[in-house]
Amino acid sequence: MIEIHAVQSVRVLTLSSGSVNALDVDLLEEVALAVRDLARSDDAGALVVTGAGRVFSAGVDLKRAVAEGSDYTDRLVPALSEAFEALFTYPGPTVAAVNGAAIAGGCVLACACDRRLITPEAQIGVTEVHVGVPLPVAALEVVRYACGDHADVVLLGGRTYSGAETIAAGLAHRVVDGDLMAMAVAEATELGGIPADAYRHTKGQLRAPTMARIRESADIDDEVRRMWGSAETQQRLAQYVERLRRRD
């Protein structure tokens, strides 16, 4: 469900799951395992994260969440957190090459990276409030870290952004009208040229307050799991999935 290959000194991790790289438990667990394995290697070098095809990731696989109910969502919420934390705490440089839509959980994955490059037409945003589901603490805190003063608008507004407005909102660092992967690899290579111990230490200090809030909030994620699995939320999800089906 993911592919990893090397481009010179940079590793490229590509989400490759279905037509829109939807995040289900299996994909999330594979991402978390792969990123942590890379982090434990002797050379946790620069990493580029992107999506196969024309989409970065359309977010959580809501069809599966509806079909399998609370037993599944009880696994989904911690799987989301594990994947976001693994990427957010990766010690080396990380660059998201947002090649297409990065919605909801897909947006959070991109925000977990140190740098985000995005194509002009790609849509990115955290839309959970409109679907009617809460975010795990790790997801909210990763977006808060990425967007800073704009986090309230991004998270509570629940809209998608494109073009220059992605930079203004803190969701992207650069809009690339050209070879996105070449630019992402070049940026990762440049960051990878910084002495690794200095980069790792500085990155860890910057992220420490965010990780402390995540680690201290297990009770909130218990509530998030209950809300995802409730009959009311499951009904909302089913209605949302049906609207998407009719629109398609």
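How far apart are the end C-alpha atoms of α2, and what would a straight helix reach? This is a predicted model, in which local features need pLDDT of at least 70 and side-chain atom pairs count only at pLDDT 80 or more. Residues are numbered from 1 along each chain, and side-chain values use heavy atoms.

**View 1. The kinked helix α2.** The end C-alpha atoms of α2, which has 27 residues, are only 24 Å apart, whereas a straight helix would reach 39 Å at 1.5 Å a residue. A kink of about 130 degrees is centred on Gly 69 (the angle between axes fitted to the seven residues ending there and the seven starting there). Helices are DSSP runs of H or I, at least four residues, and strands are runs of E, at least two.

**View 2. A salt bridge between Lys 203 and Asp 114.** Their side chains meet at 3.0 Å, N to O (a salt bridge is a side-chain nitrogen of Lys or Arg within 4 Å of a carboxyl oxygen of Asp or Glu). Lys 203 lies in helix α9 and Asp 114 in the loop between α3 and β7, so the pair ties together parts 89 residues apart in sequence. The whole structure holds 17 salt bridges.

Definitions and conventions
The expected span of a helix is 1.5 Å times one less than its number of residues.
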